[in-house]
Amino acid sequence: MSVLVSVLTACAYLGALAQGFWVHSLVKHYNYESNPILATALVDMYYKCGRMELASSVFEAMTYKDTGAWNAIISGFAMNGDAMKSVQFFDRMIASGNQPNETIFVAVLSACSHAKMVDEGLLLFGRMDSVYGVEPRFEHRACVVYLLARAGKLEDAEKFIEENMGGIEKGDANVWGGLLGACRVYGDRIWRKLSNMKVLTYLHTICTRKLVGKWKPMDIGNEIKIDSSAELFGSQVVAANPMN
């Protein structure tokens, strides 16, 4: 079965849906569908290929849904633009007795960001530690910054950074990218501030180095240092148009 899981992982990475179908047919033929690891790999493969209806079908058929399975389906809806479904499945997971982990919170907070569900996102973030016992990390705070910035709440985003992240100069490419994208739509005061910090040059360097496969965290001048662990939030904030 480990071979099938590996093949499904490769199919998900490559977006090879036809080959994924073939592996799924083998899983059905040998009656492996009850295996939660294989089923989760199928959910992961289908959502990364953009087929959420098939991912949902496999998920709903699972008799045992562990945190990994819930993470896959919640991340799937988040990545495919259905923030409401992502939040709904998060609520279903909690009702089922499963506890969310750090990765699930990144997915659901990101979903709230893209749908501009500010109140829902802030509520989830506020409950991470107090209700679910998950200590917010840098990437979760980056999600909140993006959530506020995308909704046009630049002052709130800047205040959150000052109070929770040690100031705007302590941010990383994800934080700055979200703010810069919002500046294009809602104002340029923070744009000028980031420009003075040479962040624009830094973000251009990141995009260039990613294209040629030579990206690695680096300093800006003598003050700004990058935390590479924050890349978990998703570098698409830098490379893509954040406000679309």
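1. Residues 24 or more positions apart account for 59% of the chain's contacts with a separation of 6 or more. Contact here means heavy atoms within 4.5 Å. This is a predicted model, in which local features need pLDDT of at least 70 and side-chain atom pairs count only at pLDDT 80 or more, while totals for chains, interfaces and linings use all residues. Residues are numbered from 1 along each chain as its sequence is written, and side-chain values use heavy atoms, with hydrogens and water left out.

2. Overall make-up. The chain has 14 helices and zero strands. Helices (H or I, at least four residues) and strands (E, at least two) are DSSP runs, numbered from the N terminus. Of the 244 residues in the chain, 48% are buried. Buried means under 20% relative accessible area, exposed means over 50%, and partly exposed lies in between (1.4 Å probe, protein chains only).

3. Helices H3 and H4. H3 covers residues 36-48 and H4 covers residues 52-61. Their axes come within 7 Å and cross at roughly 165°. That makes H3 roughly antiparallel to H4. The axes are lines fitted to C-alpha atoms, for helices over the stretch in contact, and angles run from 0 to 180 degrees between N-to-C directions. Angles under 35 degrees count as roughly parallel, over 145 as roughly antiparallel, 65 to 115 as roughly perpendicular, and the rest as oblique.

4. Handedness and contact of this pair. H3 and H4 cross in a left-handed way. A crossing is left-handed if the near helix is turned anticlockwise from the far one by less than a right angle, and right-handed if clockwise. H3 brings Ala39, Leu42, Val43, Tyr46 and Tyr47 to the contact, and H4 brings Met52, Leu54, Ala55, Val58 and Phe59. By class, this contact of H3 with H4 has ten nonpolar, no polar and no charged residues. Ala, Val, Leu, Ile, Met, Phe, Trp, Tyr, Cys and Pro count as nonpolar, Asp, Glu, Lys and Arg as charged, and the others, Gly among them, as polar.

5. Thr40. This residue is in helix H3. Thr40 is buried, with a relative accessible area of 15%. Neighbours within four places in sequence aside, Thr40 is in contact with Met62, Asp66, Gly68, Ala69 and Ala72. Thr40 and Thr67 are 27 residues apart in sequence, and 10.0 Å apart in space from C-alpha to C-alpha.

6. Helices H5 and H7. The axes of H5 (residues 67-79) and H7 (residues 102-114) come within 9 Å and cross at roughly 20°. That makes H5 roughly parallel to H7. Their crossing is left-handed. Thr67, Asn71, Ile74, Ser75 and Ala78 of H5 meet Thr103, Ile104, Ala107, Val108 and Ala111 of H7. By class, the contact of H5 with H7 has six nonpolar, four polar and no charged residues.

7. His140 lies in helix H9 (residues 138-150). His140 is buried, with a relative accessible area of 0%. Beyond neighbours within four places in sequence, the contacts of His140 are Glu102, Phe105, Val106, Leu109, Phe125, Met128 and Glu135. Leu148 is also in H9. Leu148 is buried, at 5% relative accessible area. Its contacts, again leaving aside neighbours within four places, include Val118, Leu122, Leu154, Ala157 and Phe160. Leu148 and Phe160 are twelve residues apart in sequence and 9.0 Å apart in space, C-alpha to C-alpha.

8. The two sides of H10. Which residues of helix H10 (residues 154-164) are buried? They are Leu154, Ala157, Glu158, Phe160 and Ile161. These residues cover an arc of only 160° around the axis, which puts them on the same side of H10. The arc is that of the directions from the helix axis to the C-beta atoms. On the other side of H10, Glu155, Lys159 and Glu163 are exposed. An α-helix has 3.6 residues a turn, so residues three or four places apart point the same way.

9. Positive phi in two loops. Asn31 has phi near 60°, a positive value in a residue other than glycine. Asn31 is in the loop between helix H2 (17-29) and H3. Asn31 counts as exposed, at 60% relative accessibility. Lys116 has phi near 55°, also positive in a residue other than glycine. Lys116 is in the loop between H7 and helix H8 (118-130). Lys116 is partly exposed, with a relative accessible area of 41%.
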